Amino acid sequence: MNGAGALLLGKTAVITGAGQGIGLATARRFLAHGANVVIADIDEDKANQAIAELVKADAPVIAVACNVASGADQDKVAALALSRFGGLDILVNNAGVTRDGYINRLSEDDYDAVLDISLKGAWLGIRAVSPLFRKQGSGSIINMSSLSGKIGNPGQTNYSAAKAGLIGLTKAAAKELGPAGVRVNAIQPGLVRTDMTLAMKPEIFAAKEAEVPLARAGEPEEVADAAVFLASPMASYINGAVLEVTGGRGI
Ligand SMILES: NC(=O)c1ccc[n+]([C@@H]2O[C@H](COP(=O)([O-])OP(=O)(O)OC[C@H]3O[C@@H](n4cnc5c(N)ncnc54)[C@H](O)[C@@H]3O)[C@@H](O)[C@H]2O)c1
């Protein structure tokens with residue numbers, strides 16, 4: 001799909017944490033819709049392996065090492081997108097990690113790591129692109145929250161706090177950048193089949209899946225499609241919104 005019907009033709013997107021899972025599925029969908037894609041992942045080798053076939057087929061995609069918790073890394077990625085593709089239009093703050101544990105067993109390091117990567121990382125990404133987005137009077141930012149940030153999960157006080165924090169960040173940034181023509185939205189996925197959730201004990205995965213009105217876990221591509229929509233002109237009047245992609249779980 002590189003012509004009619006492509007929703008992101010000629011746009012350039014940075015997607016963090018896109019070496020696998022939802023981020024990689026989003027990269028593939030964005031490419032299919034005509035975008036240039038910069039994959040920014042802490043594991044550059046994995047990201048390069050993941051896109052090897054696409055690169056061989058001359059798809060406009062590159063992978064770069066980036067720890068989203070580093071402001072310097074995020075600035076470098078934005079600059080690279082500009083120099084490689086001549087522009088930057090979309091940022092998907094997708095990178096996130098879990099470090100689960102009940103409150104009294106959770107170390108401060110594990111608390112801080114989740115907040116630094118999942119929440120501060122998104123803020124650093126927004127900070128890196130907002131001068132350019134303001135100047136050009138356009139841009140779309142998508143923050144990958146989680147249903148965990150809406151309903152709270154026991155054993156995930158760090159993750160739930162970070163993912164709820166992303167909603168506040170999304171709304172504040174939407175108000176701050178909206179007047180410059182920049183849209184900021186969030187996606188709240190529910191249970192999606194990736195390494196992150198397949199690391200759960202099977203009985204816990206099954207218990208969560210049983211809560212889904214659509215009676216199944218989601219696939220990464222189903223979240224990616226929501227990201228395509230929010231990034232595209234189809235969502236031109238959507239700003240500060242939180243789109244739940246949960247199969248109806250947690251409503
Ligand atoms: N899978 C789900 O069910 C689910 C549900 C709700 C929300 N989410 C959110 O969606 C996003 C993607 O989840 P996923 O399931 O694809 O995860 P995943 O664990 O499969 O992939 C995460 C990617 O992020 C990268 N990463 C980790 N730390 C990083 C850092 N500091 N800087 C840059 N990259 C880093 C990893 O190398 C990996 O490639 C996350 O923010 C996650 O919290 C996932």
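This is a predicted model: local features need pLDDT of at least 70, side-chain atom pairs count only at pLDDT 80 or more; totals for chains, interfaces and linings use all residues.
The ligand is surrounded by 28 residues (a heavy atom within 4 Å), the closest being Gln 20, Asp 41, Asn 94, Tyr 159 and Thr 194. By class, this shell has 13 nonpolar, 12 polar (Gly among them) and three charged residues. Helices H1 (21-32), H7 (157-177) and H8 (195-198), which are DSSP runs (H or I) of at least four residues, each supply at least two residues of the shell.

| Residue atom | Ligand atom | Distance |
|---|---|---|
| Asn 67, polar side-chain atom | nitrogen | 2.8 Å |
| Asn 94, polar backbone atom | oxygen | 2.7 Å |
| Gly 190, polar backbone atom | oxygen | 3.2 Å |

The protein buries 94% of the 830 Å² that the ligand exposes when taken alone (Shrake-Rupley method, 1.4 Å probe).

The structure holds nine salt bridges (a side-chain nitrogen of Lys or Arg within 4 Å of a carboxyl oxygen of Asp or Glu). One of them joins Arg 99 and Asp 110, with the closest N and O atoms 3.9 Å apart.

Residues are numbered from 1 along each chain. Local features need pLDDT of at least 70, side-chain atom pairs count only at pLDDT 80 or more, and side-chain values use heavy atoms, without hydrogens and water.

Methods: A polar contact is a pair of N or O atoms within 3.5 Å; within protein, one must be able to donate a hydrogen and the other to accept it, and residues adjacent in sequence count only if both atoms are side-chain atoms.
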